[in-house]
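Hello,

Here is the structure I said I would pass on. My notes follow below it.

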Amino acid sequence: MKPIKFILNDQPVEAHTNPSRRLLDVLRGDYGLTGSKEGCGEGECGACSVLLDGYAVNSCILPLASVEGRHVTTIEGYAKTQRFAVVKAAMGDEGGSQCGICTPGFMIAIESLLKKNPKPSEQEIRTGLAGNLCRCTGYNMIVKAVQKAAKVGEGLW
Amino acid sequence: MKDISRSVPKEDHEEKVSGRALYVSDIQMADMHYAKTVRADRPHARIRNIRLPELPEGYVVVDHHDIPGANHVNMIFEDWPVFADSVVRHVGEPIMLVCGKDKQIIQSICDEIVIEYEDLEPVFDLQESVVHKSFQKGDAAAAFARADQVVERVYETGYQEQAYIEPQGFVGYLEGEKKVTLIGSIQCPYYVKNAVIKTLACDPEDVRVIQAAVGGAFGGKEEFPSLIGCQLAVAVHKLKKPIKIIYEREEDMIVTTKRHPSKTTMQAALDSAGRVLAIKAHVALDAGAYIGLSGVVLSRAMLAVTSAYTIDHLDVKGDVYLTHTVPNGAFRGFGAPQMIFAIDMFMHHLAKHLGKDPYQFRKAHQAKQGDRTATSGIFRDPILMDAMVEKATSMSDYHRKQKDYASPDVYRGIGMSWFLHGCGFTGSGESDHIKAKVRLRKSDTDHVYVLVAAVDMGQGAKTTLKKVVVETLGVPYNQVTFDDPDTDAVPDSGPTVASRTAMIVGGLLAQAAQTLKETWKRGETQVVEKTYRQPEFVIWDEKTLRGDAYPAYSWGVNIVEVSVSPVTYEVKVEKIWSVYDVGKALDERIVLGQADGGIAQGVAYGYLEVMRHHGGHIQHKNMTDYIIPTAVDMAPTETVIFDNPYALGPYGAKGVGELSLVGGAPAVAMAIEQAIGRPIQKIPATPEMIMELMRDETH
Ligand code: FES
Ligand code: FES
């Protein structure tokens, strides 16, 4: 079997495994990156979000083969960035995380959203986060956190 | 003195945003094995025969034959089997576990298992009452006899699924020869421990239960995990390997407990001035296949019968019915949302029936300090509802909008609910059954450990309980540690349910911290324990359901504004305003977070979340079919917290967690009712239902 080569959290890796496996399983099982969560396994909740070439995708519905030659960034990799630090602080200040199971996925979705649109309106934030489900917060505190991160981190995205 | 409400950083924020928090499925162990549950595919049948394929080395099946102790889950009502033996009573009922090293091999074993059944007649209607309760206040019969008129309405509510984003799961392993350790996504470590002890028929020291990070629970991880824990403990003993069991989303939605569908019949005796003299109510709950906690859920529903109103004469009855469907159980609110929907809509409908202004009508029946509660106890503490209603109506511009939206062709509406929630266990539950105990341990380096069984499932228990200890001791935050509970280390401070954690566990911790502070000896190991004692004024008779059902009540007002599409009848929630009295917020940001999350679930219960079964098969079994709100569906909220310190709560705190859910459904239903000009007596008020209502009356 030909290995799948890709860049994982800025490191080149070769995955010697069945290329039809779900990216989520490979990340969690083979690389021990358990920050990406499985909430539904069917592309509905966004808990498994990772950045693929900088934008959020659901890793539970992505076969490993489709990341060949591309950049995959998980929450573990993103957590090392300055942009993460800004979003983390904003989420803390606004109370955007409760049980936390959705939170790594939201962090990834927020990064993706701000990269596309560094100054989103409230409506754009809501639409941008509509692929991620949170059962604890009712979202408003997350929306406020994004507004705050965009402001505090102006120029970072 | 510093205001306790001022928010502090959430204890677990760092590990949760960075993905480092370990949820049960993240736990890795050497030689990990896995388990999958083989389940019934029909609602009611006798198992005739089970044919197993030849099992490869290292693979086992585990079923009721392997249980050394009791084949039922230790709960309030002990009718729920750990594994089905000869008869299955609902689709998805567990029959056995298949365990081994490789998930694919486990799956192929499951695929090859053949179960022969003899089908039995299933029951889906509410026919067979297995729990009946009733209570009276005053003399309802006499009031009905002298009534000017009697008005009756029936209210119905559907299933609601907790839909925590982290499905259920456990890891189990043996420590030594016979001690089994279970790490799980759970609300109640000691419920699991006590259930496993019965199932294994073992000594208490042979079971250890540890809480992993919990990815949402909402009641769904109150009693159900005891079932998985018992199954896994038996499997761990048989296989003698660490085993992980994680439910898939679809499995979780089909087989775990949900909010009970209900049907409530309300009758009011009205006098000639249009005042409610008396109410007769009957609430019917569909328990599904086993009773489990349903009797307790029924109590809470019945006790909420008059919610935030005072009615002098009551005749209240309730029944729990068994059907061949998935067992229902705990869900934030625990019976109260069903009843509060019924009573608040009923008061609104009575006013309309009488041609009165619903706001004035409800005002005239509002509960006041000193009034008798539904169960003839007393509302002892100040009730701030006048000011709270005033605040809510002014910030939402309620009265103007009421008028502006009166015409049916604007398709806009605004609805208001007001309600209470009893804090803590019903009646004498705390003193008779739970007997909560907390412990603080100080090391010889003067570091303090908070030892309680309270679980942080997102509601911020770690942050608020630790804060109570830190503030009482007057030490820095880094001098106190609160680890996730482990039954080997913490006393049984009771389950994390019933909005009891802040008030009861927090109250005991405040006392313990005070004692520790007063007896503090530098450089010495010290242990302080406190055990719950019922306040002496609380008098409760469990048989007649009479007296003070709760030591304290939290209060709330919700206002919801909606627009309804005249074409598709789709409902859009425009804005939500809330005012709450939770005694004193132990942390403002956390309370506001509970407020937002609770109202999101409560409002969605009223109009969005649809779950049904067909012939006992759940039809909405994944996140695509069962719709919960997204960031787009959820409306902006504005929430105000009133201070009304409760003398016996820590820093004045009462219950928070459930209060913000219970009023959502009637508020949104009343708003929709106004927008469409048709009465709503059933939730969720879906576009299909609205279409039917519109059709019915225009033809
Ligand atoms: S787990 Fe991937 S979208 Fe839910
Ligand atoms: S914080 Fe619990 S699901 Fe979002």
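**Sheet in chain B**

Strand 1 and strand 5 (residues 94-100) of chain B run antiparallel and are joined by six bridges. B:R39 has B:P94 in strand 5 of chain B as its bridge partner. Strands and helices here are DSSP runs, numbered from the N terminus: E of at least two residues for strands, H or I of at least four for helices. Two strands pair if DSSP finds at least two bridges between them.

Before the rest, the ground rules. This is a predicted model, in which local features need pLDDT of at least 70 and side-chain atom pairs count only at pLDDT 80 or more, while totals for chains, interfaces and linings use all residues. Residues are numbered from 1 along each chain as its sequence is written, chains are lettered from A and ligands numbered from 1 in the order in which they are written, and side-chain values use heavy atoms, with hydrogens and water left out.

Back to the sheet. An open sheet of seven strands in chain B has the order 3-5-1-12-9-10-11, with mixed pairing. Strand 3 (60-62) and strand 11 (207-211) of chain B are at the edges; each has a single partner strand, so one side of each lacks a neighbour in the sheet. On average, neighbouring strands of this sheet are turned by 25° against each other, direction ignored. Axes are lines fitted to C-alpha atoms, for helices over the stretch in contact, and angles run from 0 to 180 degrees between N-to-C directions.

Two helices meet these strands. Helix 4 of chain B lies across strand 9 (169-175), strand 10 (179-184) and strand 11 of chain B, and runs at about 155° to strand 11 of chain B. Helix 5 (residues 224-239) of chain B packs on the sheet. Helix 5 of chain B touches strands 1, 3, 5, 9, 10 and 12 of chain B, and its direction makes about 35° with that of strand 9 of chain B. Contact means heavy atoms within 4.5 Å.

**Hairpin in chain A**

Strand 1 (residues 4-8) and strand 2 (residues 11-15) of chain A run antiparallel, joined by five bridges. A:F6 has A:V13 in strand 2 of chain A as its bridge partner. The two strands of chain A form a hairpin with two residues between them, and A:N9 in the turn has a positive phi of about 45°.

**Pockets**

The search used a 1 Å grid over the protein atoms alone. A pocket is an open set of points with protein on both sides within 12 Å along at least five of seven lines; a cavity is a set where a 1.4 Å probe fits but cannot get out; lining residues have an atom within 4 Å of a point. Grid points are joined across faces, edges and corners, and a volume is the space filled by probe spheres set on the points.

The largest pocket has a volume of about 1,400 Å³. Its lining has 42 residues, and A:R22, A:D25, A:E38, B:Y34 and B:K103 lie nearest its centre. Helix 1 of chain A gives the most to this lining, with five residues. By class, the lining of the largest pocket has 15 nonpolar, ten polar and 17 charged residues. Ala, Val, Leu, Ile, Met, Phe, Trp, Tyr, Cys and Pro count as nonpolar, Asp, Glu, Lys and Arg as charged, and the others, Gly among them, as polar.

The second largest pocket holds about 720 Å³ of space. It is lined by 29 residues; B:I76, B:Y191, B:F425, B:H433 and B:I434 are the closest to its centre. Helix 12 of chain B supplies the largest share of this lining, four residues. The lining of the second largest pocket divides into 13 nonpolar, eleven polar and five charged residues.

**Cavities**

There are nine cavities of 30 Å³ or more. The largest cavity has a volume of about 680 Å³. It is lined by 48 residues, with B:M457, B:Q459, B:S499, B:G657 and B:E658 nearest its centre. Its lining has 24 nonpolar, 16 polar and eight charged residues.

**A buried arginine**

B:R362 is found in helix 9 (residues 358-364) of chain B. B:R362 is buried (under 20% relative accessible area), at 1%. Beyond its neighbours within four places in sequence, B:R362 contacts residues including B:D344, B:H348 and B:W418.

Best wishes

Terms used: Buried means under 20% relative accessible area, exposed over 50%, partly exposed in between (1.4 Å probe, protein chains only).
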